[in-house]
Amino acid sequence: MHQANPQGMIANAPRAIMVATLVAGTLDILSAFVFAGIAGMAPVQVLRFVASGPFGDAPTATAGWALVGLAVHYAIMACMVAAYILIAPRITILMRHPIAAGIAYGVLLWIIMYWIVRPLRFPEMPLPSTAYGIANALFSHCILVGIPIALTARRYATRAGAPASVTA
């Protein structure tokens, strides 16, 4: 059975953060493109919306602002990943049960993004209220973000200096 290392550390944390950010960030933005596309919105519009978080009304639906939006997206994801990667090894149950921990982390991220960050930044934007909207957001946050982050943390966790096995 996997044991978190006694120091509660991740071997090569910067690499673990990079890997989890690329995996979770890519899955999440692709999900956003698909679900927005179903609603008739183009990827550049999704990325403009992301860029508008820190840049207000300045972003336009152009390739340049789309790249800024993509950079903002990955920067936010890197923060989410770093928080988990740096804290999870100190909480044994998170390392022992990465699937359940990833789902729980996804729910936490959903609560933070949809019930704190979005209302503060976009007070006029309604919160998700339909089963479809809530399920869509939870799917992305739990399955495409939380689980990959937790599995990456587990993969890079060490036990007596050896890489951890990847089992659920």
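Is Y105 buried or exposed, and what is its relative accessible area? Y105 is buried, with a relative accessible area of 11%; buried means under 20%, exposed over 50% and partly exposed in between, using a 1.4 Å probe and protein chains only.

## About the model

This is a predicted model, where local features need pLDDT of at least 70, side-chain atom pairs count only at pLDDT 80 or more, and totals for chains, interfaces and linings use all residues. Residues are numbered from 1 along each chain as its sequence is written, and side-chain values use heavy atoms, leaving out hydrogens and water.

## Aromatic pairs

Let's look at the rings. Rings of Phe, Tyr and Trp (its six-membered ring) pair if their centres lie within 6.5 Å; planes under 30 degrees apart count as stacked, over 60 as edge-to-face and the rest as tilted. By this rule there are six aromatic pairs. One of them, F35 with Y132, is edge-to-face, at 6.2 Å centre to centre and 75° between the planes. F35 lies in helix α1 and Y132 in helix α6, so the pair ties together parts 97 residues apart in sequence. Helices are DSSP runs of H or I with at least four residues, numbered from the N terminus.

Y84 and Y105 make a tilted pair, 4.9 Å centre to centre with 55° between the planes. Y84 sits in helix α3 and Y105 in helix α5, 21 residues apart. Y84 is buried too, at 4%.

## A buried histidine

H141 belongs to helix α6, residues 131–156, and is buried at 9% relative accessibility. Leaving aside residues up to four places away in sequence, H141 touches G106, L109, W110, M113, Y114 and G146 (contact means heavy atoms within 4.5 Å).

How values were computed: Helix = DSSP H or I, 4+ residues; strand = E, 2+ residues; numbered from the N terminus.
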